[in-house]
Amino acid sequence: MSDVATLLERNQKIAESFTDGGLTGRPRLSTIVITCVDARVDPVHIFGLEPGDAVVIRTAGGWITRGALHDLAILGVLAANAPGPSPMRPELVVVHHTQCGMGQLANPGIQQQVAERLGLSVEEVAKMVITDPTMTVRSDIDRLRRTPAMPDGLVVSGLVYDVAAGTIDEIVAPAPLRPDHA
Ligand SMILES: [Zn+2]
C-alpha cells in the first residue's frame, strides 16, 4: 500500500550509526547541482556526494524551471549573507541524462495531457522534450544566460550522465554565465 514503513525502517538503521549531527547548512563544496528527478540520477550516487557536500535541486529533466530559478534566487541571497570567513559564491552544475523520461513528451498524446495539466500550449510543452541531452543541457544554460535575474559572475557548467554506462561527459565547461562581466 505505502512504502513509508520501508523508508522508516531504513532510516532507523541509518540513525543508529548517525554521526553528521554537527554539520551546518553551509555545503562543503560551493556547488548547486540541478538535475532530473529520475531515480537513477541521484547526485548522491553519481557524484558520490556525502551529507553536507552540496545543494541539490531536482526537476523533471533537470530543466532550470521557473521554480528552480525561484530557489536559486533564494539560495543566492542566503549565500551572500552566510556567516563564515568569506561570502559564498556557489557555482551551478546542470546535469541532463540519457534515457530521460522527458523524451516521452515528444509523443503528441502525452504532450497534450501535460499541456492540459499545466495550462500550457503544446508548443511550450514541446520545448521540454529531452531526447538529446547534449543539446538540451546547452539550451538550458543558454536560456539561463538570457535570464536577467541571474548574476553575471555565476559559474555554470553542463554535464550529461549516461545511465547505461554510469559515466559523465562535460558538455559545457565551467565558466561565468556572462564572461564579459566576470
Ligand atoms: Zn530524466
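**Questions on a predicted chain**

Visitor: The place of Gln-99 is in the loop between β3 and α4. Is Gln-99 buried or exposed?

Guide: This is a predicted model in which local features need pLDDT of at least 70 and side-chain atom pairs count only at pLDDT 80 or more, while totals for chains, interfaces and linings use all residues. Residues are numbered from 1 along each chain as its sequence is written, and side-chain values use heavy atoms, with hydrogens and water left out. Buried means under 20% relative accessible area, exposed over 50%, and partly exposed in between (1.4 Å probe, protein chains only). The relative accessible area of Gln-99 is 52%, so Gln-99 is exposed.

Visitor: What is phi of Gln-99 near?

Guide: Gln-99 is a residue other than glycine, yet its phi is positive. The value is near 55 degrees.

Visitor: How many helices and strands does the chain have?

Guide: Helices (H or I, at least four residues) and strands (E, at least two) are DSSP runs, numbered from the N terminus. Along the sequence they follow the pattern α-β-α-β-α-β-α-α-α-β-β. The count is 6 helices and 5 strands.

Visitor: In what order do the strands stand in the sheet?

Guide: Two strands pair if DSSP finds at least two bridges between them. By that rule 5 strands form an open sheet of mixed pairing, in the order β2-β1-β3-β4-β5.

Visitor: Which strands stand at the edges of the sheet?

Guide: An edge strand here has a single partner strand, so one side of it is left without a neighbour in the sheet. The strands concerned are β2 (55-59) and β5 (167-176).

Visitor: About what angle does the direction of α3 make with that of β2?

Guide: Helix α3 (residues 66-80) packs on the sheet and touches β1, β2 and β3, contact meaning heavy atoms within 4.5 Å. Axes are lines fitted to C-alpha atoms, for helices over the stretch in contact, and angles run from 0 to 180 degrees between N-to-C directions. The angle between α3 and β2 is about 165 degrees.

Visitor: Why is strand β3 largely enclosed by the rest of the structure?

Guide: β3 pairs in the parallel sense with β1 (residues 31-36) over 5 bridges, and with β4 (residues 155-162), again parallel, over 6 bridges. Strand β3 covers residues 91-97 and is largely enclosed because the buried share of its residues is 6 of the 7.

Visitor: To within what distance does Asn-107 reach Gly-109 at the start of α4?

Guide: Helix α4 spans residues 108-118 and is followed by Gly-119, whose phi is positive, near 70 degrees. At the start of α4, a side-chain oxygen of Asn-107 approaches the backbone nitrogen of Gly-109 to within 2.7 Å.

Visitor: What separation is there between the C-alpha atoms of Pro-85 and Val-56?

Guide: Pro-85 lies in the loop between α3 and β3, and at 86% relative accessibility it counts as exposed. Pro-85 and Val-56 are 29 residues apart along the chain, and their C-alpha atoms are separated by 23 Å.

Visitor: What percentage of the residues of the chain count as buried?

Guide: The C-alpha atoms fill a box of roughly 55 × 50 × 35 Å along the principal axes. Of the 182 residues of the chain, the buried part is 34%.

Methods:
Polar contact = N/O pair within 3.5 Å; in protein donor to acceptor, adjacent residues only side chain to side chain.
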